[in-house]
Amino acid sequence: MRTAARRGGAVVLARGADGEHLEPIAELGKDRYGAESLERPALVRLDGGWRLYLSCATPGSKHWWICALDAPTLAGLADAEPRTVLPGDERT
């Protein structure tokens with residue numbers, strides 16, 4: 001399983017048996033999160049499914065926040081409700 005971020009666009013979850021030829025499973029676009037861009041996705045396996053952490057850029061600023069999405073399947077992450085886990089502030 002791999003995650004990839006397209007600068008300013010989307011995070012794509014993909015899988016491949018050989019790690020070279022990948023098939024997309026889900027695409028998460030920045031507009032759904034109200035972000036200027038999505039960066040540094042982190043995928044975590046949970047007992048009952050998956051969690052994806054996304055770093056989201058606030059449009060027109062240098063501010064970032066991090067949200068988490070939980071779903072029982074990888075494909076389900078595309079429709080999961082985002083939960084802010086690190087809102088950030090002027091200093092963080």
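1. Two strands pair if DSSP finds at least two bridges between them. Strands (E, at least two residues) are DSSP runs, numbered from the N terminus. With that in hand, Val44 stands opposite Arg51 in E5.

2. A word on the source. This is a predicted model, where local features need pLDDT of at least 70, side-chain atom pairs count only at pLDDT 80 or more, and totals for chains, interfaces and linings use all residues. Residues are numbered from 1 along each chain as its sequence is written, and side-chain values use heavy atoms, with hydrogens and water left out.

3. The sheet. It is open and has four strands, in the order E4-E5-E6-E7, with antiparallel pairing. E4 and strand E7 (83-86) are the edges, each pairing on one side only. From one strand to the next, the twist averages 30° (axes are lines fitted to C-alpha atoms, and angles run from 0 to 180 degrees between N-to-C directions).

4. The E4 and E5 pair. Strand E5 covers residues 49-57. Seven bridges join E4 to E5, and the two run antiparallel.

5. Arg40. This residue is found in strand E4. Its phi is positive, about 45°, although Arg40 is not a glycine. Arg40 is exposed, with a relative accessible area of 72% (exposed means over 50%, buried under 20%, partly exposed in between, with a 1.4 Å probe and protein chains only).

6. Ser37. Look in the loop between strand E3 (23-29) and strand E4 (38-46). Ser37 is buried there, at a relative accessible area of 6%. A polar contact of 3.5 Å joins its side chain to that of Glu39. Such a contact is a pair of N or O atoms within 3.5 Å; within protein, one must be able to donate a hydrogen and the other to accept it, and residues adjacent in sequence count only if both atoms are side-chain atoms.
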